[in-house]
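Colleague: I would like to learn how to read cavities and strands in a model. Can we work through one?

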Amino acid sequence: MRITLIAVGNKMPSWIAQGFSEYSRRFPRDMSFDLIEITPGKRGKNADIARILEKEGEQTMAAIPKGSRIVTLEVEGKPWTTPQLAVQLEKWQMDGRDVALLVGGPEGLAPACIKASEQKWSLSTLTLPHPMVRIMVAESLYRAWSINNNHPYHRE
């Protein structure tokens, strides 16, 4: 199974890239975890936010690998404990499809992305800094994998 995190935003601080890379490289070959960055639209004083959001949504949808289960990360999504995420990860593996996790930009995800989603996941009721979400998702999924595989990481 391939898991792809598709996130609006680029030019992240080096520590964000390093943090994401640290966890993504830990996944086994039979469960790769990759990142696709979507270049955000220019936001200025008189920016047409609805149009920018629509364009980001189009780019995000185009980046989703064909046949993938679409899971959006949203404040209104379902919160999962680590054991519940481990169960979800196992269900995703049994489903036999790849998984695309979608993270929006400053205004969230485009309506088209939300409409296409099969599941909505909430990391927190707080609005989190979008760069941090990358690391939090990677670590959370790696921890869930470690639980499912009786790896010592989850007991550290």
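Colleague: How many cavities of 30 Å³ or more does the structure hold?

Modeller: Ground rules come before the count. This is a predicted model, where local features need pLDDT of at least 70, side-chain atom pairs count only at pLDDT 80 or more, and totals for chains, interfaces and linings use all residues. Residues are numbered from 1 along each chain as its sequence is written, and side-chain values use heavy atoms, with hydrogens and water left out. A cavity is a set of points, on a 1 Å grid over the protein atoms alone, where a 1.4 Å probe fits but cannot get out. The structure holds 1 cavity of 30 Å³ or more. The largest cavity has a volume of about 40 Å³, the volume being the space filled by probe spheres set on the points.

Colleague: Which residues line the largest cavity?

Modeller: Lining residues have an atom within 4 Å of a point. Among them here are Val-8, Leu-53, Glu-56 and Cys-113. Helix H2 (residues 49–63; helices are DSSP runs, H or I, of at least four residues) gives the most, with 4 residues.

Colleague: Is strand E4 mostly covered or uncovered?

Modeller: Strands are DSSP runs (E) of at least two residues. Buried means under 20% relative accessible area (1.4 Å probe, protein chains only). In E4 (residues 99–103), 5 of 5 residues are buried. Val-99, Leu-101 and Val-103 point one way, Ala-100 and Leu-102 the other.

Colleague: Which strand do 5 bridges join to E4?

Modeller: Two strands pair if DSSP finds at least two bridges between them. Strand E1 (residues 2–8) runs parallel to E4, joined by 5 bridges. Thr-4 has Ala-100 as its bridge partner in E4.

Key: On a 1 Å grid over the protein atoms alone, a cavity is a set of points where a 1.4 Å probe fits but cannot get out, and a pocket is an open set with protein on both sides within 12 Å along at least five of seven lines; lining residues have an atom within 4 Å of a point. Buried means under 20% relative accessible area, exposed over 50%, partly exposed in between (1.4 Å probe, protein chains only).
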